[in-house]
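Here are my notes on this model, as numbered points. Have the structure open while you read.

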Amino acid sequence: MDHRVDMPAEAPVDTVTYHQGWDGFPELSDREKVALYAVADICRQTLGMPCESQGTMGLTHGVSGDALCELLLFQGDHTELQRHLRTGTRQLTDRERAFGSLTSDVLHGVLNDTFAAHVSRALAIGATPADVRAVIRFSAQFGTTAAWHGLRAADRLLDGPAGLADPSVA
């Protein structure tokens, strides 16, 4: 469905943004998108109605309440969220966890060695460089400047001389 054509002109901006975010990333599964929306809500502290919407959306796309709770239990700082994404219960896939870590890095502006480790981890579990870039582009819905810096950092890692694009580097 092409929402640019089918969406009424008076549609709320959040509805248009949602459809662009949802439809514009074929590299990501529906479950991954729901997880990334939840991580972004935690990072941006947009809890309440946005978070409630993600819960409803998650249930519609096969993400259990337990999986969403796994993310929502840790609304602390970047370090706590990262620790939880690495060691929490196994309601989320390794790929969802890796992508959540990347989203948290980007939205918190943590684009140092930690970010490089998370890019490496994503590649090591089978994500492609295009998948990694899609995750970062997806986060632009929550912070365009942060996503732009994230893409620049990812490009340096993925295209640089050492080239993390080879999962054996991880």
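**Notes on aromatic pairs and a helix crossing**

1. Start with the rings: there are four aromatic pairs in the structure. Keep in mind throughout that this is a predicted model.

2. Take Y37 and F142. Their ring centres sit 5.6 Å apart and the planes are at 90 degrees, so this pair is edge-to-face; the cut-off for that label is over 60 degrees.

3. Look at where those two come from. Y37 belongs to helix α3 (residues 30-44), while F142 lies in the loop between α9 (129-138) and α10 (144-159).

4. Are the two partners buried or exposed? Y37 has 5% relative accessibility, so it counts as buried, since the limit for buried is under 20%. F142 comes in at 21% and therefore counts as partly exposed.

5. Y37 and F142 also belong to a cluster: ring pairs join them with F25 and F138.

6. Now the helices. The axes of α8 (residues 113-124) and α9 come within 9 Å of each other and cross at roughly 130 degrees, which means α8 is oblique to α9. The α8 and α9 crossing is right-handed.

7. Which residues make the contact? On the α8 side they are F115, V119, A122 and L123; α9 contributes P129, V132 and I136.

How values were computed. Residues are numbered from 1 along each chain as its sequence is written. This is a predicted model: local features need pLDDT of at least 70, side-chain atom pairs count only at pLDDT 80 or more; totals for chains, interfaces and linings use all residues. Side-chain values use heavy atoms; hydrogens and water are left out. Rings of Phe, Tyr and Trp (its six-membered ring) pair if their centres lie within 6.5 Å; planes under 30 degrees apart count as stacked, over 60 as edge-to-face and the rest as tilted. Helices (H or I, at least four residues) and strands (E, at least two) are DSSP runs, numbered from the N terminus. Buried means under 20% relative accessible area, exposed over 50%, partly exposed in between (1.4 Å probe, protein chains only). Axes are lines fitted to C-alpha atoms, for helices over the stretch in contact, and angles run from 0 to 180 degrees between N-to-C directions. Angles under 35 degrees count as roughly parallel, over 145 as roughly antiparallel, 65 to 115 as roughly perpendicular and the rest as oblique. A crossing is left-handed if the near helix is turned anticlockwise from the far one by less than a right angle, and right-handed if clockwise. Contact means heavy atoms within 4.5 Å.
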